[in-house]
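Dear colleague,

Please find the structure below, together with its sequence.

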Amino acid sequence: MKSWNLRCIALLAWILAGHLSLFAQPAADKPPLNTLGLETDLRDPSAQPLSLPTLPLPGAETAYESETRYAPTARPLPEVPRPVERPIVGEAVEATTAGLTLRGYLTRPSSPPFNGGLLLLPEFWGVNEATRQRADDFARYGYRVLVLDFYDGQPVASRGDAARLMRELDRELTQRRIGAAAQWLSSTSGVRDLPVAIIGYGLGATLGLHAMTQPDPTPPAVRGLVLFYGETIAEPGRLETLGIPVVGFYATEDFWVRPEKVAAFNDALTSAGVPHQFFHFDTQAGFGLEPADYRQQGYHHAANDRILDFLARYLH
């Protein structure tokens, strides 16, 4: 009996030691380190949005070893815009410019001044509630925002509808519309030479990139290009007409735009002399417009902060 008690005590001590050892593994149990180098417990749905530093000035030390820095500029980094106190006005619009018909959703502060214009190019779902809400979010920071409707008002009730409309899309015509929409957004603002940035998500990023790399020069109103995933270009020669800075946000678990494609795109932009910076997130695509969980919500906030920094640098 005594021997049995000793064996039980030994077994209990072994189990207890195993449990205690769980607390001695800080590397495994610490909150995950996101790809921007900030230790944040993204498992906690009540966690606050990521608080990020401003973009590193060119030549400054940076912790983001996988990123390509912007090309040197003499201008200091301006202050990031803050939400405006004016009401936001949003409406469906239809306009004709340069012989092309444009349809979409226009939102902006109720009166000037504007911090700039933003042309939002949606994912293959088209202009839905998520894209309108995203446009309103940017409008609250003082931007005049147009969401371009690729599908000319045709309803998208299912993934099948979206896939069909995407297949039927006249991409050459759509790319011409993108350039025309950017110029329209600038010229109808009531502000002379309002600078515009293009922000594309998925399909919109693909179309925006191809529209800005056509043989014709980039429209003069366009000052920057923001890409969320989407197809890439690996040939430097096709990027030489892209005379504007680029910031890209990519998902390392994206089954379509794999990291090696993004790396080739990065190399091509560098060879073409295009100033750019990429951010990589350990998740799947989709966090730009409709984050699927609280981890993606953290990445969504992180990307938003970076976009505001980018816009402050190149539109103001």
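Helices (H or I, at least four residues) and strands (E, at least two) are DSSP runs, numbered from the N terminus. Please note that this is a predicted model, in which local features need pLDDT of at least 70 and side-chain atom pairs count only at pLDDT 80 or more, while totals for chains, interfaces and linings use all residues. Residues are numbered from 1 along each chain as its sequence is written, and side-chain values use heavy atoms, with hydrogens and water left out.

**Pockets**

A pocket is defined on a 1 Å grid over the protein atoms alone, as an open set of points with protein on both sides within 12 Å along at least five of seven lines; a cavity is a set of points where a 1.4 Å probe fits but cannot get out, and lining residues have an atom within 4 Å of a point. Grid points are joined across faces, edges and corners, and a volume is the space filled by probe spheres set on the points.

The largest pocket has a volume of about 740 Å³. Its lining comprises 22 residues, of which Phe124, Arg159, Gly202, Phe255 and Ala285 are the closest to the centre. Helices α4 (159-168) and α6 (203-211) each contribute at least two residues to this lining, and the largest share, 3 residues, comes from α4. By class, the lining of the largest pocket holds 10 nonpolar, 5 polar and 7 charged residues (Ala, Val, Leu, Ile, Met, Phe, Trp, Tyr, Cys and Pro count as nonpolar, Asp, Glu, Lys and Arg as charged, and the others, Gly among them, as polar).

For the second largest pocket, the volume is about 270 Å³. Among the residues that line it are Glu172, Gln175, Arg176, Met212 and Asp216. Helix α5 (residues 171-187) gives the most to this lining, with 4 residues. The lining of the second largest pocket divides into 5 nonpolar, 4 polar and 3 charged residues.

**The cavity and the strands beside it**

The residues lining the largest cavity are Val93, Ala95, Leu102, Arg103, Gly104, Leu146 and Trp184. Strands β1 (88-97) and β2 (100-109) each give two or more residues to that lining, and β2 gives the most, with 3 residues. Of the lining residues of the largest cavity, 5 are nonpolar, 1 is polar and 1 is charged.

Strand β2 is mostly covered, as 8 of its 10 residues are buried (buried means under 20% relative accessible area, exposed over 50%, partly exposed in between, with a 1.4 Å probe and protein chains only). Strands β1 and β2 run antiparallel and are joined by 10 bridges; two strands pair if DSSP finds at least two bridges between them. Thr97 stands opposite Leu100 in β2. The hairpin of β1 and β2 has 2 residues between the strands, and Ala98 takes a positive phi near 50° there. Strand β2 is also joined, antiparallel, to strand β4 (residues 143-148) by 4 bridges, with Leu146 of β4 as the bridge partner of Leu106.

**Strand β5**

All 6 of the 6 residues of strand β5 (residues 196-201) are buried, so this strand is largely enclosed by the rest of the structure. Val196, Ile198 and Gly200 point one way from β5, whereas Ala197, Ile199 and Tyr201 point the other way. Strand β3 (residues 116-121) runs parallel to β5 and is joined to it by 5 bridges, and Leu120 stands opposite Ile199. Strand β6 (residues 222-228) is likewise parallel to β5, with 6 bridges, and Val222 of β6 stands opposite Val196.

**Aromatic contacts**

The structure holds 13 aromatic pairs (rings of Phe, Tyr and Trp, the last by its six-membered ring, pair if their centres lie within 6.5 Å; planes under 30 degrees apart count as stacked, over 60 as edge-to-face and the rest as tilted). One of them is the tilted pair of Phe281 and Tyr299, at 5.0 Å centre to centre and 50° between the planes. This pair links distant parts of the chain, with Phe281 in strand β8 (residues 276-281) and Tyr299 in helix α9 (residues 294-314), 18 residues apart. Phe281 is buried, with a relative accessible area of 1%, and Tyr299 also counts as buried at 1%. Both belong to a cluster that ring pairs form from Tyr201, Phe228, Tyr229, Phe249, Phe279, Phe281, Phe287 and Tyr299.

Yours sincerely
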